[in-house]
Amino acid sequence: MTERHPPRSAAHELERYDGLFASRTRVMRSSAMRDLMAVTVRPEVISLAGGLPDTSTFPPALFTRLLGQVPVAQALQYGPSEGLPGVREAITRVMAAEHMAVDPDEVIVTTGGQQAIDLVTKALIDPGDIVIAEAPTYPGAVPTFCAYEAEVIQIEMDGDGMSLDALEETLARLDREHRRPKFIYTIPTFQNPAGVTMSLARRRRLVNLARERELIVLEDNPYGLLRYEGDSLPTLRSLEVPAGSTDDNDFVIYAGTMSKILSPGVRVGWLVAPRPLLAKLILGKQSSDLCSSTLTQHFVAAYFATADWHGYIDELRGLYHRRRDVILDALAEHLPAAATWTHPEGGLFIWVTLPDFIHTTDLLARALAENVAFVPGEAAFADGRGQHSMRLNFSSEADDDIREGVRRIGKIVAEQVGLHDKLTGRRSGVAGSPAEQAAPPESAAAPDNVLALPRRGSTEGRRSRKA
Ligand SMILES: Cc1ncc(COP(=O)(O)O)c(C=O)c1O
């Protein structure tokens, strides 16, 4: 007869495992977007949370044809850690579309752009090392930096991207402390989550600074080809190594992804790095996953070899441009005058800042009860800032759902504003009729600790700021 053990208490179980966990697990953070995904997959939820492209636009007949072209035995086999030659070659063509000249052998295929960030952090960061990032930064990068126990220093931004003055001040302070950042992480174009783009003057200044100080810059560029208005700007990588130049790329690591221009489901991203770093990054990849999916890499190779990929990106651009305009109009209609938001020229996100008595993590609970989701601003900071801001996505929901989602958010914000005004006897802005409200002065736009950007739908002020 088998002996029955009495059930162990949950507290006892936790205690037993507590002693087993590596110390890094104490600083690990969950990804707000990943947590929210469990809720936002419910069909009744309007999600303005994820960074999801609209994959329903991909032609099913093309999908079937491409799968039919995939060589079965090779697609079901392991592949090289650095990626299949056809995919590395396709990546060089995608980068050429943004005026970057790279050799296929400088490219490492990664399991999404997320793994690109992970591999760079794994290769460069020891516990306590410094990573510099923008404030706010990509919410998916924060858990990665935390998992490797980096100290993350976030540099303020305005409508022209990261403040280079603030960056230089931080570097000078670190010099005085005899410390040096291991790398600077930036998303210069259509930044996630802020939706802003670094000006040309700042790009030049950042590349020069990296050269002078011999600092590594990780340029993460998932959205560069998704521009809806304005002129394109050179990537940091192309400023570091102009096309046709024989210079070595010493300081810019470039990360890209197929997720926003083809599909996140294929999980194909990439890294292009200075040659001395490549070998270490590949070692890191080998220990992570041996290789990225050969099945989806063959699909990607067939797509770029035979399909009109430029045409598909044009189609996405048209669709997202329209949805961006829909969300901007809806925000102007439904948010109170005291709210501010960015006006992205491309990409998938808008950063909204609410009056400082509204805590967006609390607001999310109310929003989920109304079946609408967004990413609370705190997810974009390593240190708890961003509490009054939120990230909104406009690529994945239909026009009417975007309008309805923003209307619901506007309604709960108005309730909070009304409650606050009642309690304090002040009048801070009424949702639903912003035109009747006088906008507060620019200086009152947002608390010091979060990105303060041009007021509602206006691009004024973006060009006037110092580079
Ligand atoms: C700035 C940035 N980097 C990296 C990623 C990761 O994307 P993926 O792993 O799907 O390529 C994202 C996704 O939204 C992103 O916005």
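## Basis of the model

This is a predicted model, in which local features need pLDDT of at least 70 and side-chain atom pairs count only at pLDDT 80 or more, while totals for chains, interfaces and linings use all residues. Residues are numbered from 1 along each chain as its sequence is written, and side-chain values use heavy atoms, with hydrogens and water left out.

## Helices α3 and α12

Helix α3 (residues 60-69) packs against helix α12 (residues 294-306) at an angle of about 115°, and their axes are 9 Å apart. Helices are DSSP runs of H or I with at least four residues, and strands are runs of E with at least two, numbered from the N terminus. Axes are lines fitted to C-alpha atoms, for helices over the stretch in contact, with angles from 0 to 180 degrees between N-to-C directions. The angle makes α3 roughly perpendicular to α12 (a term for 65 to 115 degrees; under 35 is roughly parallel, over 145 roughly antiparallel and the rest oblique).

The crossing of α3 and α12 is right-handed, a term for a near helix turned clockwise from the far one by less than a right angle. In α3, Leu 62, Phe 63, Arg 65, Leu 66, Leu 67 and Gln 69 meet Phe 299, Ala 302, Tyr 303 and Thr 306 of α12; contact means heavy atoms within 4.5 Å. By class, this contact of α3 with α12 has seven nonpolar, two polar and one charged residues. Ala, Val, Leu, Ile, Met, Phe, Trp, Tyr, Cys and Pro count as nonpolar, Asp, Glu, Lys and Arg as charged, and the others, Gly among them, as polar.

## Helices α13 and α15

Helix α13 (residues 309-334) and helix α15 (residues 399-424) cross at roughly 25°, and their axes come within 9 Å. The two helices are therefore roughly parallel to each other. The crossing of α13 with α15 is right-handed.

Residues of α13 in the contact include Arg 322, Arg 323 and Val 326, and those of α15 include Asp 399, Ile 402 and Arg 403. The contact of α13 with α15 divides into six nonpolar, two polar and five charged residues.

## Cavities

The structure holds two cavities of 30 Å³ or more. A cavity is a set of points on a 1 Å grid over the protein atoms alone where a 1.4 Å probe fits but cannot get out, and lining residues have an atom within 4 Å of a point. The largest cavity has about 80 Å³ of space, a volume being the space filled by probe spheres set on the points.

Of the 14 residues lining the largest cavity, Val 94, Glu 98, Asn 221, Leu 225 and Trp 270 are the closest to its centre. Strand β8 gives the largest share of the lining, three residues.

Notes
On a 1 Å grid over the protein atoms alone, a cavity is a set of points where a 1.4 Å probe fits but cannot get out, and a pocket is an open set with protein on both sides within 12 Å along at least five of seven lines; lining residues have an atom within 4 Å of a point.
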